[in-house]
Amino acid sequence: MKLLNRSALSVKPTQAFVDWINSLEPTVGEDDLTLDDVERESTVYLIPEMDSPEVLAAYVRERHLDLLENELSAWEEDVRQWPEPLDWALFEQFLVVEHSYLALDLDDEVPLEISEIDDGLLLETEED
């Protein structure tokens, strides 16, 4: 087990976010996604180590548009379909952030790799 020099943010959807996803392609009844369905797709972001709630709050506020845009694009690439305005109020309406001070790597065999985000790679992973 290795301790990473990072903290982590787990970004989870709210029901309002799920309602927006379902509005993209209206379906009837049981074809709609549920909050549980979408929460299984939640994202964890590694962030700089944070030493206080105030520093964390400032960091999230500073990066909220990056987080919001990434979460929206995971469900809809066409930015014309995104809700407006993209602001702090929408972030708070659509996402819940949970913070972990420590990030540990439990994989002792495979070293961490760093790569830039590649939308093609993300799409391939979703289809697998």
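This is a predicted model: local features need pLDDT of at least 70, side-chain atom pairs count only at pLDDT 80 or more; totals for chains, interfaces and linings use all residues.

Reader: What is the peptide bond from E84 to P85, cis or trans?

Author: The bond from E84 to P85 is cis, with omega near -10 degrees.

Reader: Thanks! And how are the elements of the protein chain arranged?

Author: The chain has 5 helices and 5 strands. Read from the N terminus, the order is β-β-α-α-β-α-α-β-β-α.

Reader: Now the rings. How many aromatic pairs does a search of the whole structure find?

Author: The search finds 4 aromatic pairs. In one of them, F17 and W20, the ring centres are 5.7 Å apart and the planes meet at 55 degrees.

Reader: Why is the pair of F17 and W20 called tilted?

Author: Ring centres must lie within 6.5 Å to pair, and planes under 30 degrees apart count as stacked, over 60 as edge-to-face and the rest as tilted. The centres of F17 and W20 are 5.7 Å apart, so the rings pair, and their 55 degrees makes the pair tilted.

Reader: Where do F17 and W20 lie?

Author: Both are in helix α1, residues 15–24, and they are 3 residues apart, about one turn of the helix.

Reader: How do you know that F17 is buried?

Author: Buried means under 20% relative accessible area. F17 has 1%, so F17 is buried. W20 has 8%, so W20 is buried by this rule too.

Reader: What makes the pair of W88 and F91 stacked?

Author: The planes of W88 and F91 are 15 degrees apart, with 5.1 Å centre to centre. W88 and F91 are 3 residues apart in helix α4, residues 88–94, which separates them by about one helical turn. F91 is buried, with a relative accessible area of 3%.

Reader: Which residues do ring pairs link into a cluster?

Author: F17, W20 and F94 are linked that way.

Reader: How many cavities of 30 Å³ or more does the structure hold?

Author: There is 1. The largest cavity has a volume of about 50 Å³. Its lining consists of K12, P13, F17, V38, E41, S42, E71, W75 and L95. The elements that give two or more residues to this lining are β2 (7–13) and α3 (53–75).

Reader: What classes of residue are in the lining of the largest cavity?

Author: That lining has 5 nonpolar, 1 polar and 3 charged residues. As examples, F17 and W75 are among the lining residues, and Phe and Trp count as nonpolar.

Reader: How much space lies in the second largest pocket?

Author: About 190 Å³. Its lining residues are I21, N22, L24, E25, T27, D31, D32, L33, W75 and E76. α1 gives the most to this lining, with 3 residues. By class, there are 4 nonpolar, 2 polar and 4 charged residues.

Reader: To finish, what share of the protein chain counts as buried?

Author: Of its 128 residues, 28% count as buried. The accessible surface comes to about 9200 Å², and 50% of that belongs to carbon and sulfur atoms.

How values were computed:
Residues are numbered from 1 along each chain as its sequence is written. Side-chain values use heavy atoms; hydrogens and water are left out. Rings of Phe, Tyr and Trp (its six-membered ring) pair if their centres lie within 6.5 Å; planes under 30 degrees apart count as stacked, over 60 as edge-to-face and the rest as tilted. Helices (H or I, at least four residues) and strands (E, at least two) are DSSP runs, numbered from the N terminus. Buried means under 20% relative accessible area, exposed over 50%, partly exposed in between (1.4 Å probe, protein chains only). On a 1 Å grid over the protein atoms alone, a cavity is a set of points where a 1.4 Å probe fits but cannot get out, and a pocket is an open set with protein on both sides within 12 Å along at least five of seven lines; lining residues have an atom within 4 Å of a point. Grid points are joined across faces, edges and corners, and a volume is the space filled by probe spheres set on the points. Accessible areas come from the Shrake-Rupley method with a 1.4 Å probe; for residues, only the protein chains shown count as cover.
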